[in-house]
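Here is a short report on one protein structure. Keep the model in view as you read.

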Amino acid sequence: MSLVDVHNEWDPLEEIIIGSIDGARVASPGIDLFTIDYADYGSPDRVPSGPYPRHVVEQTREDLERLCEELTKLGVRVRRPAATDHAATIATPYWQTDGHYNYCPRDVLLTVGNTVIETPMVLRSRFLEPFAYKDLLLEYFESGARWLAAPKPRLLDDTYDVTRPPGERLRDTEPLFDAANVLRLGTDLLYLVSDSGNELGWRWLQSVVGDRYTVHPCRNLYASTHVDSTIVPLRPGLVLLNPERVNDDNMPEVLRSWDKIWCPELEEFEYVGERPYCSRWIGMNLLVVRPGLVVADDRQPELIRVLEKHGVDVLPLRLTHARTLGGSFHCVSLDVRRSGTLETYR
């Protein structure tokens, strides 16, 4: 029986991959990193490249271990990526750089049904990130999972256009998307068209998942990277939405009939550096353990109160440096197996 079996964001969790912070760094500046993540710095030379501060790494390692322990107590099998030398040079005939981190497995691998897909990520520093999961992927394949890799992108300079408005800086030169641009709602998959996922990316994904699934491109929703601090499905018919990004005009059609929780104002929390790597909305980046139970940031009491009012219990934990590293509980995890079957929820 395939160890990979997941159909949505909320069925009871059985197996998960949790990321690692060891060796994490900001990659050397290049047109890709500058355009996607640091355009507001004005020049690639100002990108704060190099290892993250020691206290950030140590605190995050402790936070991730606590998350693993709590999930294990709930009966979830927890897996981790292999160690990677992120300072090593990564090179193709077109460019060279160094690595980033294995903190966010949600970005690099997409699980749909019994299939796991290595996605064509938009940053050069993450080009070889799937190597950290190779032993796990081999194990999943041996168990009967379907294992695919998207066409390896060239990531040429003309892929990126920093002069364009946010949301339009990734050209359609080849299929490109991070796995965290995708949410699973049974037979419907939401795909964020943004600076981390282009139009060719959703067309390629639709061609791979076939007629059993419909991939819905979400345009003019959120210009930057990833969808999981904008739309958070909690259970069938209930979704948490970002009120600054989602409205009646851009609401995905498959969610219009769902009950909606509009995320309350979130508490600001600390970050290291000139500016945070992500906004305060990372506070709504939840991991659903099962319908009625989520992992949420303990620094967001109003969000916790609202969730509990809607019958959603909260396991309050913390990723202290989520805003520095650009990821909270959904980002640092990849659900590999959830009990449940493929259904349609619209």
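Start with tyrosine 52. Contact here means heavy atoms within 4.5 Å. Leaving out residues up to four places away in sequence, tyrosine 52 touches Ala24, Arg25, Val26, Val57, His100, Tyr101, Thr324 and Leu325. This is a predicted model: local features need pLDDT of at least 70, side-chain atom pairs count only at pLDDT 80 or more, and totals for chains, interfaces and linings use all residues. Residues are numbered from 1 along each chain as its sequence is written, and side-chain values use heavy atoms, with hydrogens and water left out.

Now the salt bridges (a side-chain nitrogen of Lys or Arg within 4 Å of a carboxyl oxygen of Asp or Glu). By this rule there are 35.

| Pair | N to O distance |
|---|---|
| Aspartate 335 and arginine 106 | 2.8 Å |
| Arginine 280 and glutamate 244 | 3.1 Å |
| Arginine 338 and aspartate 335 | 2.8 Å |

How buried or exposed are these residues? Buried means under 20% relative accessible area, exposed over 50%, and partly exposed in between (1.4 Å probe, protein chains only). Aspartate 335 and arginine 106 are buried. Arginine 338 is buried too. Arginine 280 counts as buried because its relative accessibility is 14%. Glutamate 244 has a relative accessible area of 55%, so it is exposed.

Last, leucine 342. Its relative accessibility is 22%, so it counts as partly exposed. Leucine 342 touches His7, Gly186, Thr187, Arg212 and Tyr213, not counting residues up to four places away in sequence. Leucine 342 and valine 112 are 230 residues apart in sequence, yet 9.9 Å apart in space, C-alpha to C-alpha.
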